[in-house]
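Hi,

Here is the structure for you to look over. My notes follow below it.

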Amino acid sequence: MAVRNIAMREAIRRALREEMQRDENVFVMGEEVAYWQGTHRVTRGFLEEFGERRVRDTPISEMAIGGLAVGAAMAGLRPVAEFMTINFAFLALDAIANHAAKVRYFFDGMFKVPLVYRAASGWGNQATASHSHAPEPIFAHFPGIFVGCPSNSLDAYGMLKTSIRDDNPVLFSESIALYPKPSPMPDDLDEDYLIPIGKGDIKRQGADVTLVAYARGVDWALQAARQLARDGVEAEVIDLRWLRPLDMALVYESFKKTNRCVIVEESLPMYSFGGEIAANLQERMFDYMDAPIKRVAAEDVPLPYSKDIELLALPNAQKVVDAVKEIL
Amino acid sequence: MVYSPTEMEDQTAVVDEGKAMDSPSKEMLLDWYRQMVLIRQFEETCHQLYEEKRITGVYLHLYSGHEASGVGSMAALRKSDHVITAYRDHGIALILGMDPKAVMAEMMGKKTGSSGGKGGSMHLASKDHNFWGGYAIVGGHLPLAAGIALEARYRGKDDVTMTYVGDGATNNGYFHESLNMSAIWELPVIWIIENNGYGMGTEVERASGQVELHRKAEAYGIKSFGRVDAQNALEVYAVASKAVEYARANGPAVIEHVTYRYRGHGVSDKQYDARDDMSAELKEWVERREPIKILRDCIESKYGDVGEILAKHEADAKRIVAESVAFAEASELPSSYQDLLQNTYVGSELVYKTDDSIGAGID
């Protein structure tokens, strides 16, 4: 089977396009998605192929984008609503947390809300404080919605397809830094290649320490693992892929073998992904624990503009290596 | 105080009674009376049950005083049209024909409630009646309304979405964004602003730069059908009929219903007990602009002695509501862990679950 390196944005575009071809109820909406072909070029060519009915430019109205998708989904469509960046989804947090996630529950199962919110996430390129967030844990806080965060092209393809086909609301976070990054995808990939919601993946095998990550954190964990291997330390890298539901079974299996864990995330350290994983590990795996669980996250500050201090604030592979060495 | 009942008599839309479409039949008027006395009986019973702690919880927003607003406007809809509202939703549910037993059971948090006891007073809905629900965040339902209307446009149907929104919500970002979106996408929504003079305790003129709330439509290029005396079901119906016809063919419409709430924002408000000016204001509305009396006077002036039919509707309302209370009180409360968890998610084979998977809910 021929395998080619494909950028994550191309994989996402392919998945979205195929799902729109497959199901007439799927449509995309968001700022600049149609005439300007998508700020991140994910929806390039969509307007020409699917027309204005199914590729809908919105005004800069995140509250309405968030809520309109809920109503359309309840009524039987399958909206894929794009937030140009996840920072702007804060404006829609009420629609997401109070309505997308809760409508099914507070009407006791009367309605389904089969929608996907796509959002470009993460920091970089001196985007400054208000445009530099990886706040996926905020959205994963709320029962009723699923949260997906792919780390490579093939995962993005299979996870987005699953998200669109599932009858529950999904917040699908796409790391801006990973959009251009090529990774292997088979040429003759099955159009029904689906990655189940909540299923994590072992990206690298190892017996000495477990690195738990998602999205861009997986890159840092894999880089760190290669560096550690040169010193004879074999790290197992777990990509949880979904922040809700969390595939803790996969983490527990690995931890039973390695007895050590470092959690890697792009997001902020307080009330975080790292805190959640660590709490679950100590509750369920206390007897297997040989060292304190370490967390590598962004520094607890708003992100500055100036390059050098911006980088100081952020996680990287070296910080992961250092954390591992502290607990070996 | 925002509008006196007298001002309302002067300011509201002039209704063209000449058009046949705008003239409800005798049967319709009698049925409106039935609906309105049922709502009043239901709401006043809820109030009493709340005082007696037989309905518990914090929130109970009653439709007493608003009856003609919902009854007159929904009479302009057909069965395939959609309705959505905020938390003052009991009257809307009853007008659409939801079973009063299921509604009362929901007030009491029972398993037999329309939302299984999960939603309570503010979250009534019925898929069978195209009633997309009551919502508790001020303005939060407005983009949902636009989304429901989009589905009709998307599939080329001409069903409309009638959306009730309070005066207070017209100052909220959801209102502006949703109206604007409905305008540019030509969504068939009738935005009905139920202006009862107060957003919780704040008078309209202290909360809104534009106190003629329907004129906010102008900012988005949406057609306004003006301000209606919403204590008069016939006037409400006449304007709503035009707006619905317009929305079906063209896109969004706005109507401002001037009305008055008899029981404050919610039952926990004691404003009418605490302030003399408030109780005087309420008294004036009840004496001069009581919606049930206005409809009754209209029916009697048109059709003579219909007292027997009206009395039957009143007796039926008492019986139906009493039966709903008995049913609700005899119903079981949800109490198990299963009751707590179910319907958080739609069960799906695509969701990967193990004993150690957290955050996926249960089927």
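The crossing of H2(B) and H13(B) is right-handed. This is in a predicted model. The two axes come within 9 Å and cross at roughly 40°. H2(B) covers residues 26-51 of chain B. H13(B) covers residues 307-330.

From H2(B), they include Leu30(B), Tyr33(B), Val37(B), Leu38(B), Phe42(B) and Leu49(B). From H13(B), they include Ile309(B), Leu310(B), Ala317(B), Ile320(B), Val321(B) and Val325(B).

Is Ala328(B) buried or exposed? Its relative accessible area is 0%, so Ala328(B) counts as buried, the cut-off being under 20%. Leaving aside residues up to four places away in sequence, Ala328(B) touches Met104(B), Ala105(B), Met108(B) and Lys110(B). Gly168(B) is 160 residues from Ala328(B) along the chain, and their C-alpha atoms are separated by 32 Å.

Now to chain A. Ser61(A) sits in the loop between strand E3 (55-57) and helix H3 (62-74). With a relative accessible area of 4%, Ser61(A) is buried too. What does Ser61(A) touch, not counting residues up to four places away in sequence? The answer is Glu31(A) and Glu177(B).

Best wishes

Methods
Residues are numbered from 1 along each chain as its sequence is written. Chains are lettered from A and ligands numbered from 1 in the order in which they are written. This is a predicted model: local features need pLDDT of at least 70, side-chain atom pairs count only at pLDDT 80 or more; totals for chains, interfaces and linings use all residues. Side-chain values use heavy atoms; hydrogens and water are left out. Helices (H or I, at least four residues) and strands (E, at least two) are DSSP runs, numbered from the N terminus. Buried means under 20% relative accessible area, exposed over 50%, partly exposed in between (1.4 Å probe, protein chains only). Contact means heavy atoms within 4.5 Å. Axes are lines fitted to C-alpha atoms, for helices over the stretch in contact, and angles run from 0 to 180 degrees between N-to-C directions. A crossing is left-handed if the near helix is turned anticlockwise from the far one by less than a right angle, and right-handed if clockwise.
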